[in-house]
Amino acid sequence: MKILKENFTVCKIKDIKEVDFSDEYVFLSKTDEELSLVCKTESLPKDCIAVEKGWRGFRVQGTLDFSLIGILSKLSTILADN
């Protein structure tokens, strides 16, 4: 795993139009109750409902075969140990 150098923010947003999809990192999730966004802190939309700064990200290097038993468990263990 490789830790990303960027600082990230997790936030709830009102409108998807506020998201800059040209940015390098944009993670958007939508449910029937909210729109959640993870983005670089400097790319935070102006009008957020809730904001939580101070997150870091990581990249799993290589290709993961999710059909193998225990892959996610092993990754979780590595993160918990560190």
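A salt bridge here is a side-chain nitrogen of Lys or Arg within 4 Å of a carboxyl oxygen of Asp or Glu; by that rule the count comes to five. Keep that in mind for the later stops. This is a predicted model, in which local features need pLDDT of at least 70 and side-chain atom pairs count only at pLDDT 80 or more, while totals for chains, interfaces and linings use all residues. Residues are numbered from 1 along each chain as its sequence is written, and side-chain values use heavy atoms, with hydrogens and water left out.

**Stop one: the sheet.** Switch to cartoon view and pick out the strands (DSSP runs of E, at least two residues, numbered from the N terminus). Four of them make an open antiparallel sheet, ordered β2-β3-β1-β4; strands pair if DSSP finds at least two bridges between them. Select 26-30 for β2 and 48-59 for β4: these stand at the edges with a single partner strand each, so one side of each has no neighbour in the sheet.

**Stop two: strand β3.** Now select residues 35-40, which are β3. On one flank, β3 pairs with β2 over five antiparallel bridges, and a hairpin of four residues joins the two. Ser-29 has Ser-36 as its bridge partner, and Leu-28 has Leu-37. Six bridges join β3 to β1, again antiparallel, with Cys-11 standing opposite Leu-37.

**Stop three: the core.** Show side chains for Cys-11, Ile-13, Val-19, Leu-35, Leu-37, Cys-39 and Cys-48, the largest nonpolar core. Such a core is a set of buried Ala, Val, Leu, Ile, Met, Phe, Trp, Tyr and Cys residues joined through side-chain atoms within 4.5 Å. Here β3 gives the most, with three residues.

**Stop four: the charged pairs.** Select Lys-12 and Glu-34, whose closest N and O atoms are 3.5 Å apart in a salt bridge. Lys-12 lies in β1 and Glu-34 in the loop between β2 and β3, so the pair ties together parts 22 residues apart in sequence. Both are partly exposed, Lys-12 at 35% and Glu-34 at 29%.

Finish at Lys-40, which is buried at 11%. Its salt-bridge partners include Glu-24 at 4.0 Å and Glu-42 at 3.9 Å. Glu-24 is exposed at 55%, as is Glu-42 at 64%.

Technical notes:
Buried means under 20% relative accessible area, exposed over 50%, partly exposed in between (1.4 Å probe, protein chains only).
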